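Colleague: I would like to learn how to read a few features of a model. Please show me the structure, then take me through them.

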Amino acid sequence: MYCKNCGSQIDDRAVVCPHCGVPVYDNYNTNQFAPYSKPAKEYNVLAILGFIFSILGTGSIIMGIAGLVCSIIGFKQAEKLHGHGKGLAIAGIVISIVAIVLQAVSIVLDIIDLSYIYTYDYNYYY
């Protein structure tokens with residue numbers, strides 16, 4: 001007989017495949033093959049993207065907003081994915097909020113600086 005997992009030829013009385021270690025039968029008393037499936041790796045893609053965008057958001061307010069949105073959605077998806085990516089999503093949310101606030105403060109300070117220059121009309125040309 002042949003292993004259902006790796007396809008190697010094995011003894012008809014084998015309980016597990018000697019090559020890959022997968023059980024041959026679902027029950028030792030029956031001759032039915034056990035459906036073996038490797039556990040699928042679960043990735044929370046939006047949490048990962050949210051974290052990356054939040055890091056990039058320190059230089060751009062648009063990337064910070066994109067990081068915040070992706071991180072929030074990734075946080076909600078973490079419940080469905082058994083907690084995978086929850087930490088990255090939380091980190092992305094925090095970093096995005098800090099980046100957005102810093103960018104907003106920078107914009108406000110630039111506006112104040114420009115209004116100060118135009119208000120007092122300094123003449124730098126002598």
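Modeller: Start with contact, which means heavy atoms within 4.5 Å. This is a predicted model, where local features need pLDDT of at least 70, side-chain atom pairs count only at pLDDT 80 or more, and totals for chains, interfaces and linings use all residues. Residues are numbered from 1 along each chain as its sequence is written, and side-chain values use heavy atoms, with hydrogens and water left out.

Colleague: Which residues does Ser 54 touch, leaving out those up to four places away in sequence?

Modeller: Met 63, Gly 67, Gly 92, Ile 95, Ser 96 and Ala 99. Ser 54 itself sits in helix 1 (residues 45–56). Helices (H or I, at least four residues) are DSSP runs, numbered from the N terminus.

Colleague: Is Ser 54 buried or exposed?

Modeller: Buried means under 20% relative accessible area, exposed over 50%, partly exposed in between (1.4 Å probe, protein chains only). Ser 54 has 0%, so it is buried.

Colleague: Which residues of helix 2 are buried?

Modeller: Gly 64, Gly 67, Cys 70, Ser 71, Gly 74 and Ala 78. They lie on the same side of helix 2, because their arc around the axis is only 130°. That arc is taken from the directions from the helix axis to the C-beta atoms. On the other side, Ile 62, Lys 76, Glu 79 and Lys 80 are exposed.

Colleague: What comes just after helix 2?

Modeller: His 82, with a positive phi of about 60°.

Colleague: How many salt bridges does the structure hold?

Modeller: A salt bridge is a side-chain nitrogen of Lys or Arg within 4 Å of a carboxyl oxygen of Asp or Glu. There is 1 here. Asp 11 and Arg 13 form a salt bridge through their side chains, at 3.3 Å, N to O. Asp 11 is partly exposed at 43% relative accessibility, and Arg 13 is exposed at 71%.

How values were computed: Helix = DSSP H or I, 4+ residues; strand = E, 2+ residues; numbered from the N terminus.
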